[in-house]
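Thanks for coming. I have one model to go through today, so please look at the display first.

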Amino acid sequence: DPLSGEGIGNALYSGWLAAEQAIQSISKNDYSAKELSNYDARIERTLGKELRLTTLILRALEYPWFVNFVIKRASKNQGFVQRLSSIMHNPKAQEKLLNPFRLVKWLLFN
């Protein structure tokens with residue numbers, strides 16, 4: 001995770017899923033793209049939202065006007081700072097930010 005510097009957890013988890021998929025494919029003797037796509041589906045289901053949020057935040061940080069807006073907002077609103085901080089560790093808060101309408105509402109009205 002380039003945002004937090006963490007990633008070993010996701011790496012270990014995806015490796016575990018890959019091992020499970022390998023065992024399943026070997027037991028079925030099925031190495032087709034369809035069979036192996038089960039791994040992709042599990043990664044998407046378990047890590048997809050987190051990875052999309054990280055990508056969204058990293059893209060937003062490429063715009064100085066956006067960074068300035070968030071910093072200015074945080075300097076004037078302690079509640080905003082607390083919610084911003086909770087995004088890093090709260091999957092429910094992260095999920096809300098993946099909805100564009102909730103993101104705009106959160107940025108402008110909290």
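First, the ground rules. This is a predicted model, in which local features need pLDDT of at least 70 and side-chain atom pairs count only at pLDDT 80 or more, while totals for chains, interfaces and linings use all residues. Residues are numbered from 1 along each chain as its sequence is written, and side-chain values use heavy atoms, with hydrogens and water left out.

Overall fold. The protein chain has 6 helices and 0 strands, where helices (H or I, at least four residues) and strands (E, at least two) are DSSP runs numbered from the N terminus. Read from the N terminus, the order of elements is α-α-α-α-α-α.

On dimensions, the C-alpha atoms fill a box of roughly 60 × 25 × 25 Å along the principal axes.

For the chain as a whole, 20% of the 110 residues are buried. Buried means under 20% relative accessible area, exposed means over 50%, and partly exposed is in between, with a 1.4 Å probe and protein chains only. The areas come from the Shrake-Rupley method with that 1.4 Å probe, and for residues only the protein chains shown count as cover.

Two C-alpha distances give a sense of scale. Y31 and Q78 are 47 residues apart in sequence and 53 Å apart in space. A41 and G15 are 26 residues apart in sequence and 14 Å apart in space. A41 sits in helix α2 and is partly exposed, because its relative accessible area is 38%.

Next, the salt bridges. How many does the structure hold? There are 3 salt bridges, each defined as a side-chain nitrogen of Lys or Arg within 4 Å of a carboxyl oxygen of Asp or Glu.

Take E20 and R42, whose closest N and O atoms are 2.6 Å apart. This pair links distant parts of the chain, with E20 in helix α1 (residues 8-28) and R42 in helix α2 (residues 33-60), 22 residues apart. E20 counts as partly exposed because its relative accessible area is 28%. R42 is also put in the partly exposed class, at 26%.

Then there is E44 with R52, at 2.5 Å between the closest N and O atoms. Both residues are partly exposed: E44 has a relative accessible area of 43%, and R52 has 38%.

The remaining pair to mention is E35 with K28, where the closest N and O atoms are 3.4 Å apart. Are the residues of this pair buried or exposed? E35 is buried, since its relative accessible area is 7%, whereas K28 is partly exposed at 47%.

Now the surface patches. Patches are made of residues with over 30% relative accessible area and no salt bridge; like charges are joined within 9 Å, and nonpolar side chains (Val, Leu, Ile, Met, Phe, Trp, Tyr) within 5 Å.

Which residues make the nonpolar patch? I26, Y31 and L36 do, and the patch covers about 310 Å². I26 lies in helix α1 and is exposed, because its relative accessibility is 56%. Y31 is in the loop between α1 and α2, and at 48% it counts as partly exposed.

That loop holds another residue worth a look. N29 is also found between α1 and α2, and its phi is near 55 degrees, a positive value in a residue other than glycine. With a relative accessible area of 59%, N29 is exposed.

Last, charge. K92, K96, R102 and K105 gather in a surface patch of positive charge. Lys and Arg count as positive, Asp and Glu as negative, and His and the chain ends are not counted. The place of a charge is taken as NZ of Lys, CZ of Arg, CG of Asp or CD of Glu.

Which helices supply the positive patch? Helices α5 (91-97) and α6 (100-109) each supply at least two of its residues. K92 is placed in helix α5, and it is exposed because its relative accessibility is 64%.

That is the end of my list.
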